[in-house]
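Colleague: I would like to learn how to read charged side-chain pairs in a model. Could we go through some cases together?

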Amino acid sequence: LSILLSLLVPAHTTRSPDCGGILTPSGLRYLAEVSKPHAESVLRHDLMAPPAPDSSPISPSRNQIISVKVDKFSLTLIPDTGMRLSIEVDLGITSAPSTTKEMRLSILADLHVEMNPEGNLELVTSDCKPTLEEVQSAEEVDRSAPHKSSGSDVDKQINVEKICLEVSKLLLFPNERLMSLAAPFPITPTCQVQYLPLAAPMYSEQGIIISLQTTFQVAGTVIPLPVSPVPFSMPEPASSSPSHLILAFSEHFYTSLFSALEESGALNVSLLSSLTTATLAERITQMGSLFQEDLPVVLQAATRSSPHVVLEEDKAIVKLFLTAQIGAGSSLFQSFLSVNVDVTARLHLSVADTRMIISVAAIEDIELSLAASDVGPVLAALLEELFLPTVREEVPAQINVVLRQGVSLPHIASFTYTDVNITIHKDYVLIPCNLQLEAKTG
């Protein structure tokens, strides 16, 4: 039985994180700051909405809420548990004949994020304590009669239980936006990336930590990728970070990305050389009999094995293993040489809005070796002399065209990233950044 169970385990261990993020306490403070006007708008709509028509005559002394102002709105981290939402709302209430009083609605709610059976993250309220009390003026405080019961009419009008039930909608990241985190994002016309939460977030003093697994789709089908030999865990910052959010990506993430591009055929490129069949025939004599007219020489490069990314301190390297069919022909391509091309290139990483821009910055090494020839033996030195300039110039240019749209980072709708600082470490990349609410909140 134990042997059978051990055979079943690998099917489940394929769910292994390869990236993640930490929403820091300062990020929570920012979310509270931008949620405050939103919460005020929601409460104003709910509390100042005209009462439903009633068959009974309306009492002229009925209380009416004429103003709603959110005075305090804060989100704090509770390690190992979740978040605490604290709201204080000043209510202006009028009753005939034209007397106005102020009341204070206080809400203290404990929230946390769970993963529902569908695999989506969901904001859940675990506890909510609302209190409603009258704000007494200095004159009223001097009087001996207590004013605790004065809010009873208002209690009926303000359904504090309903506010508690829907307290999460006062935040600017309701569950619809949390679900947008796992939406598929295009990389190329046929290749998409999707970040799937593996479990509910964890809460530490550093912030809210979420682990994600990346899946790539090619033409709508999820492609199987090699599982990371070591499950990636979020590196916790040594000290409290001033950034709102810290994203982290493993070396395996970048290798998977290039493997997905390879699978989609995006790394199969045509390289136009400055050579023609006539100029080539001057160096390779057997070329003369193959082509009757002078044609431009083209290198049709395709991957022969999966690319590999290596991350070192302050350095990201991609290794591409290509085979180039070298040939010519306007209507019918005729290959006369097959050359293995191994390229080692340095990657440059940057962020624009919510996209990671990856580009080939510099070629570090190129190795050319003859795989097959229809024009007799060709020395390695001659191959390099003829084709190295084309490979050195065209491979980065073509790969950068493929990557020009960038790769969407994990993000939730309506927020973008600013003040980005990318640091490359051995085995992983850290992207500390700040959140910024976009002008349109939808």
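Modeller: Start with Lys426 and Asp427, whose side chains form a salt bridge with N and O 4.0 Å apart. This is a predicted model, in which local features need pLDDT of at least 70 and side-chain atom pairs count only at pLDDT 80 or more, while totals for chains, interfaces and linings use all residues. Residues are numbered from 1 along each chain as its sequence is written, and side-chain values use heavy atoms, with hydrogens and water left out.

Colleague: What is a salt bridge here?

Modeller: Side chains of opposite charge can pair when their charged atoms come close. The rule asks for a side-chain nitrogen of Lys or Arg within 4 Å of a carboxyl oxygen of Asp or Glu.

Colleague: Are Lys426 and Asp427 buried, partly exposed or exposed?

Modeller: Buried means under 20% relative accessible area, exposed over 50%, and partly exposed in between, with a 1.4 Å probe and protein chains only. Lys426 has 54% and is exposed, whereas Asp427 has 38% and is partly exposed.

Colleague: Which residues do salt bridges with shared partners join into one network?

Modeller: Asp46, Lys162, Glu166 and Lys169 are linked in that way. Lys162 is partly exposed at 39%, and Glu166 is partly exposed at 30%.

Colleague: How many salt bridges does the rule give?

Modeller: The count is 14. One of them joins Asp90 to Arg104, with the closest N and O atoms 2.7 Å apart. Asp90 belongs to strand S3 (residues 82–95) and Arg104 to strand S4 (residues 99–115), so the pair links distant parts of the chain, 14 residues apart. Strands (E, at least two residues) and helices (H or I, at least four) are DSSP runs, numbered from the N terminus. Asp90 has 16% relative accessibility, so Asp90 counts as buried.

Colleague: What does the side chain of His112 meet in a polar contact?

Modeller: A polar contact is a pair of N or O atoms within 3.5 Å; within protein, one must be able to donate a hydrogen and the other to accept it, and residues adjacent in sequence count only if both atoms are side-chain atoms. His112, in strand S4, meets the side chain of Glu114 at 2.9 Å. His112 is buried at 18%. Beyond its neighbours within four places in sequence, the contacts of His112 (heavy atoms within 4.5 Å) include Met83, Glu122 and Tyr203.
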